[in-house]
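Here are my notes on this model, as numbered points. Please read them with the structure open beside you.

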Amino acid sequence: MIFFETEADPTEWFLMPLHWTEQQRTEIDEWAATCADIVHQRHRKWWRSPNRTVLTDRFRQLIEAHPHPRIPADQVFLYGGDPRRVPQPFYALLMQGEGAGRESDIRTLVQATEEGSVRPPDVTEFNSDRIGEGLRCLRYFSDDAGLGVSLNYGWWSEELQIYASVRTVTDELGWLGLNMDIFDEFARSIWLNPNPE
């Protein structure tokens with residue numbers, strides 16, 4: 001088993017467990033309360049009315065709604081840097097190549113070739129010293145909910161001979177643009193650990 005690891009600030013980026021059973025309800029509640037307390041402690045100096053109950057409910061609702069049926073993931077990280085909004089899920093996935101060639105496989109991985117875009121995807125080189133050669137893709141799409149954007153990072157790990165991807169989806173295009181540097185920094189902080197303790 002290969003795990004995604006990060007050195008990103010653990011008071012902003014939370015690893016969300018993916019699979020729970022009804023018997024683990026207590027663990028869900030404890031996890032949500034712990035994450036809410038971390039956010040509360042981090043932001044209490046500038047946030048006028050921190051409400052731990054509301055924060056706990058947001059984390060609990062996210063874990064109950066995931067894994068998202070249309071977004072495959074091996075791991076999910078939540079960006080909780082702004083306590084006024086629901087934490088943003090980032091889906092991490094490992095994949096074998098489809099045999100079309102490395103460049104083509106990475107373009108597929110970051111959704112650069114996905115149909116249904118409202119304009120050509122914005123694809124840029126995004127190599128990682130920790131993982132390997134890669135791309136970043138912003139893909140704008142339209143669905144029943146309106147206009148949305150997916151931010152996709154994808155790399156080829158020569159060392160592990162596998163593709164790695166991190167992706168998020170939102171309908172808040174302006175918010176995503178304002179936080180792009182934060183998300184790029186997070187993506188650069190990730191490495192793959194084939195020997196987790």
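1. Helices (H or I, at least four residues) and strands (E, at least two) are DSSP runs, numbered from the N terminus.

2. Some ground rules apply. The model is predicted, so local features need pLDDT of at least 70 and side-chain atom pairs count only at pLDDT 80 or more, while totals for chains, interfaces and linings use all residues. Residues are numbered from 1 along each chain as its sequence is written, and side-chain values use heavy atoms, with hydrogens and water left out.

3. Strand E3 is mostly covered, with 5 of its 5 residues buried. Gln75, Phe77 and Tyr79 point one way from E3, while Val76 and Leu78 point the other way. In a regular strand the side chains alternate between the two faces of the sheet. E3 (residues 75-79) is joined to E4 (residues 88-95) by 5 bridges, and the two run antiparallel; two strands pair if DSSP finds at least two bridges between them. Valine 76 has tyrosine 91 in E4 as its bridge partner. E2 and E3 also run antiparallel, joined by 4 bridges.

4. Which strands make up the open sheet, and in what order? There are 7, ordered E2-E3-E4-E8-E7-E6-E5, and the pairing is antiparallel. Strands E2 (13-16) and E5 (122-125) stand at the edges with a single partner strand each, so one side of each has no neighbour in the sheet. On average, neighbouring strands of this sheet are turned by 20° against each other, direction ignored.

5. Two helices lie across strands of this sheet. Helix H2 (residues 52-64) lies across E2, E3 and E4, running at about 40° to E2. Helix H5 (residues 180-188) lies across E2, E3, E4, E6 (133-143), E7 (146-157) and E8 (162-170), at about 25° to E7. For these angles, axes are lines fitted to C-alpha atoms, for helices over the stretch in contact, and angles run from 0 to 180 degrees between N-to-C directions. Contact means heavy atoms within 4.5 Å.

6. The structure holds 15 aromatic pairs. Rings of Phe, Tyr and Trp (its six-membered ring) pair if their centres lie within 6.5 Å; planes under 30 degrees apart count as stacked, over 60 as edge-to-face and the rest as tilted. Phenylalanine 77 and phenylalanine 186 have ring centres 5.4 Å apart and planes at 70°, so this pair is edge-to-face. Because phenylalanine 77 lies in E3 and phenylalanine 186 in H5, the pair ties together parts that are 109 residues apart in sequence. Phenylalanine 77 is buried at 4% relative accessibility, and phenylalanine 186 is buried at 2%.

7. Tyrosine 79 and phenylalanine 183 also form an edge-to-face pair, 5.4 Å centre to centre with 85° between the planes. Tyrosine 79 lies in E3 and phenylalanine 183 in H5, so this pair ties together parts that are 104 residues apart in sequence. Phenylalanine 183 counts as buried, at 0% relative accessibility. Trp13, Phe77, Tyr79, Phe90, Trp175, Phe183 and Phe186 form one aromatic cluster.

8. The largest nonpolar core has 27 residues, of which Phe4, Tyr153, Val166 and Phe183 touch the most other members. A nonpolar core is a set of buried Ala, Val, Leu, Ile, Met, Phe, Trp, Tyr and Cys residues joined through side-chain atoms within 4.5 Å. The elements giving two or more residues to this core are E3, E4, E6, E7, E8, H4 (173-178), H5 and E9 (190-193). A second, separate core of 17 residues includes Phe14, Leu55, Phe59 and Leu62.

9. Two backbone points deserve a check. Most residues other than glycine have a negative phi. Glutamine 111 has a positive phi of about 70°; this residue is in the loop between H3 (102-109) and E5 and counts as buried at 12% relative accessibility. Glutamine 161 has a positive phi of about 55°; this one is in the loop between E7 and E8 and is partly exposed, with a relative accessible area of 43%.

Technical notes:
Buried means under 20% relative accessible area, exposed over 50%, partly exposed in between (1.4 Å probe, protein chains only).
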